[in-house]
Amino acid sequence: MRLHEFEAKQLFARQGIVVPRGTVTALPEEASDIAAAMDAVTVIKAQVLAGGRGKAGGIRTAATAADAERCTAEIMASSIRGLIPESVLIEEQLDIARELYLGKTIDSAAGCPAVVVSGRGGVDIETVAAEDPKAIASGHVDPLNSLSLDQACELVAAIGIEEEQISPVADVLCRLYKLFTSCDALIAEINPLAVLTDGSLVAADAVVEIDDAALFKHPEWNPLERIADPRSRQAKQQGMTFVELPEGDIGLICSGAGLGMATVDLIADRAGEEGGRPANFLETGGGITRELMASAMRLVLSQPGLKAVLINVYGGINPIHEGAKGVAEVLAEEPSVPVVAKALGNHEEETWEILRQAGVEVVTDMATERVVEALFHRLSEEGK
């Protein structure tokens, strides 16, 4: 679960990491008062859970209080990376001499936390890694111990900053690591860590992503409140994962994340000028029941402009014939678009019969490619 920037900066401040003066608001008229009280040039930043806000028009500079009100109104009325901001963060503009990058994540291959620092902040660390790998220093941390100041200093010195800045930057790095572990984070980044003209250090931006599996230890964070799309929120409440895809017309219901992504890719590869693009990613989660599959069908069918639905499930020990009853229940309620399905696993032959009686075209072999071929053949027949 990713935190908003202002939430991450609240955690930074509690850990002793300096952040800019800033206030959150959703009201343009309040923005004017906030900027006037700061008596400085301000930066208006959309609070959305997406990267690349600046390129999408989600970060503006305001020279006056009136500018701050106007920029806030424009941002609040905009779509930033497909998301509508619920608030903006208004901060004082910093007098920056240099930008650094500090980050923590989990190296799954090594099975321990990884620390990354760079002398090139303010850009994606992936871009720096591709263009100038020597500008990055990284190391692993023993998960049973904290990041030591000596190790932090060694990493910071490797990126070639001024000697007098090594210890202060290393101190920020250690504080960020303590935040990372105390919050059960998967990612904690300062990008950029601004070195101001007076030599002081300020976290100009903040990213914190908490491990979903650890959220039970952090009741102050409610993941459902962060899902802006009502369909995605409904799916999450029922144990499913749903992501709507732009300009798609083929609804998908799959029984696993890997199977779902593979099906999305296969359909996207076959898409043509007249459509045939995936309209969503939907993964049912671990348990297939009549109620769950009925909810999944209704959720997918609620998308506008749908031409067909593809169901691709592998039940294992799950009673997929019960899931088939949920599909049939929804299809009996109202006329629908063509539905093609592959369903393998427990009670599969009974499942096929239930689906066929409901008007579903069933593919019984193992290849996912076959069910995609059947889908496009069905669409072709429907278009004649």
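The largest cavity in this predicted model has a volume of about 80 Å³, and one cavity of 30 Å³ or more turns up in the structure. Here a cavity is a set of points, on a 1 Å grid over the protein atoms alone, where a 1.4 Å probe fits but cannot get out; points are joined across faces, edges and corners, and the volume is the space filled by probe spheres set on them. Lining residues, those with an atom within 4 Å of a point, number 13 for the largest cavity, with Met293, Ile311, Val313, Ala324 and Ala343 closest to its centre. Two or more lining residues come from each of strand S14 (308–314), H10, strand S15 (339–344) and helix H11 (348–357), and H10 gives the most, with four. (Helices, H or I of at least four residues, and strands, E of at least two, are DSSP runs numbered from the N terminus.) By class, this lining has 10 nonpolar, two polar and one charged residues; Ala, Val, Leu, Ile, Met, Phe, Trp, Tyr, Cys and Pro count as nonpolar, Asp, Glu, Lys and Arg as charged, and the others, Gly among them, as polar.

Then there is the largest pocket, with about 1200 Å³ of space. A pocket, unlike a cavity, is an open set of points with protein on both sides within 12 Å along at least five of seven lines. Its lining takes in 42 residues, of which Gly122, Asp124, Asn191, Pro192 and Asp205 sit closest to the centre. Strands S2 (42–46), S3 (59–62), S4 (88–92), S5 (96–107), S8 (185–196) and S10 (207–210) each give two or more residues to this lining, as does helix H4 (125–131). S5 supplies the largest share, six residues.

On to the charges: the structure holds 20 salt bridges, each a side-chain nitrogen of Lys or Arg within 4 Å of a carboxyl oxygen of Asp or Glu. One of them joins Lys45 and Glu5 at 2.6 Å, N to O. This pair links distant parts of the chain, with Lys45 in strand S2 and Glu5 in helix H1 (residues 5–14), 40 residues apart.

Asp205 returns in a salt bridge with Arg53, at 3.6 Å, N to O. Arg53 is in the loop between S2 and S3, and Asp205 in the loop between strand S9 (201–203) and S10, so the bridge ties together parts 152 residues apart in sequence. Both partners are buried.

Arg298 and Glu333 also meet in a salt bridge, at 2.4 Å, N to O. Arg298 belongs to helix H9 (residues 290–301) and Glu333 to helix H10 (residues 320–333), so this pair ties together parts 35 residues apart. Arg298 is partly exposed, at 35% relative accessibility, and so is Glu333, at 45%. Elsewhere, shared partners join Glu5, Lys9, Lys45, Arg53, Glu91 and Asp205 into one salt-bridge network.

Residues are numbered from 1 along each chain as its sequence is written, and side-chain values use heavy atoms, with hydrogens and water left out. Local features need pLDDT of at least 70 and side-chain atom pairs count only at pLDDT 80 or more, while totals for chains, interfaces and linings use all residues.

Note on methods. Buried < 20%, exposed > 50% of the residue type's maximum accessible area, 1.4 Å probe, protein only.
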